[in-house]
Amino acid sequence: MGGEYYIQRSTPGGFLITEGTLVSPTVPGFPHVPGIYNEEQVEAWRRVVDAKGRIIFCQFWHVGRAPRPMYQPGGAAPISSAAKPISARWRILLPDGSCGTYPNPPALATYEILHIVQFEQVLMELRSTHGYLIDQFLKDGINDRTDEYGGSLADRCRFLIQIVEAVATAIGVERVAVRISPAIDPLDAMA
């Protein structure tokens with residue numbers, strides 16, 4: 001979506017929350033999704049905000065186990081809290097218009113989790129919904145980890161809390177929000 005799209009949908013002094021916005025070139029799940037991981041993208045968002053004094057919260061979006069490798073740089077496998085694929089009852093739209101199944105993702109190693117927390121420090125609203133990466137850690141139907149990121153509710157929340165702390169440190173606690181979806185189960189994200 002281009003900057004004009006957001007300018008048309010907001011008002012001077014108004015508040016707008018974007019759809020999922022990519023924080024790294026390694027996290028796309030679908031084509032044509034906006035990003036905020038390089039200076040050119042940051043400047044494009046700045047022009048939208050400055051156009052009429054808008055307030056925009058970009059939703060952090062990391063789709064975790066949801067993409068097909070064809071949408072990942074170099075065809076890399078998607079990542080997740082656990083090595084569990086999304087069931088065949090869910091389908092993903094492929095570039096040729098057909099629908100396919102989701103691949104089996106590898107579970108993130110503990111040291112990889114800490115790396116993800118570090119690069120997500122430029123965001124404002126953390127999208128912890130709809131079976132995407134943060135939600136994959138929160139939901140015990142997906143997260144079967146036995147390390148400090150799995151098991152108890154407190155441990156399953158650890159990843160989200162670390163990201164909130166990192167973002168709040170980088171941009172201020174007053175500019176951070178978390179969006180959750182505890183009662184729905186898209187992409188097999190049952191509670």
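Q: With which residue does the side chain of Arg46 meet in a salt bridge, at 2.2 Å from N to O?
A: This is a predicted model, in which local features need pLDDT of at least 70, side-chain atom pairs count only at pLDDT 80 or more, and totals for chains, interfaces and linings use all residues. Residues are numbered from 1 along each chain as its sequence is written, and side-chain values use heavy atoms, with hydrogens and water left out. A salt bridge here is a side-chain nitrogen of Lys or Arg within 4 Å of a carboxyl oxygen of Asp or Glu. At 2.2 Å, N to O, the partner of Arg46 is Glu43.

Q: Why are Arg46 and Glu43 separated by about one helical turn?
A: Helices are DSSP runs of H or I with at least four residues, strands are runs of E with at least two, and both are numbered from the N terminus. Arg46 and Glu43 are about one turn apart because they lie in helix α2 at a spacing of three residues.

Q: Are Arg46 and Glu43 buried, partly exposed or exposed?
A: Buried means under 20% relative accessible area, exposed means over 50%, and partly exposed is in between (1.4 Å probe, protein chains only). Arg46 has a relative accessible area of 38%, and Glu43 has 31%. Both values fall in the class partly exposed.

Q: How many salt bridges does the structure hold?
A: Besides the pair Arg46 and Glu43, they include Asp135 with Lys139, where the closest N and O atoms are 3.3 Å apart. Arg145 and Asp147 form another, at 2.7 Å from N to O. The number in the structure is four.

Q: Which class of accessibility do Asp135 and Lys139 share, and Arg145 with its 10%?
A: Asp135 and Lys139, joined by a salt bridge, are both buried. Arg145, the partner of Asp147, has 10% relative accessibility and therefore counts as buried.

Q: What distance separates the C-alpha atoms of Ala109 and Asp147?
A: Ala109 sits in the loop between β4 (99-100) and α3 (110-119), and its relative accessible area of 27% makes it partly exposed. Along the chain, Ala109 and Asp147 are 38 residues apart. Their C-alpha atoms are separated by 9.6 Å.

Q: Which residues is Gln41 in contact with, leaving aside neighbours within four places in sequence?
A: Gln41 belongs to helix α2 (residues 39-52) and counts as buried because its relative accessibility is 18%. Contact means heavy atoms within 4.5 Å. On that basis, the partners of Gln41 are Gly35 and Ile36.

Q: How far apart are the C-alpha atoms of Ile36 and Leu22?
A: Ile36 is in the loop between β1 and α2 and, at 12% relative accessibility, is buried. Ile36 and Leu22 are 14 residues apart along the chain. Their C-alpha atoms are separated by 6.1 Å.

Q: Do strands β1 and β2 run parallel or antiparallel?
A: Two strands pair if DSSP finds at least two bridges between them. Six bridges join β1 (residues 15-22) to β2, and one of the bridge pairs is Phe15 with Ile55 in β2. In β2 (residues 55-61), six of seven residues are buried. The two strands run parallel.

Q: Which residues does Thr18 touch, not counting those up to four places away in sequence?
A: Thr18 is in strand β1, and its 2% relative accessibility means that it counts as buried. The residues that Thr18 touches are Tyr6, Trp45, Ile56, Phe57, Cys58 and Gln59.

Q: What distance separates the C-alpha atoms of Leu160 and Phe30?
A: Leu160 lies in helix α5 (residues 153-171) and is buried, at 11% relative accessibility. Outside its sequence neighbours up to four places away, Leu160 touches Leu126, Ser128, Ile134, Leu138 and Val178. Phe30 is 130 residues from Leu160 along the chain, and their C-alpha atoms are separated by 23 Å.

Q: How much space lies in the second largest pocket?
A: On a 1 Å grid over the protein atoms alone, a pocket is an open set of points where a 1.4 Å probe fits, with protein on both sides within 12 Å along at least five of seven lines; lining residues have an atom within 4 Å of a point. Grid points are joined across faces, edges and corners, and the volume is the space filled by probe spheres set on the points. The lining has 18 residues, of which Thr26, Val27, His62, Gln72 and Ile79 lie nearest the centre. The space in this pocket is about 240 Å³.
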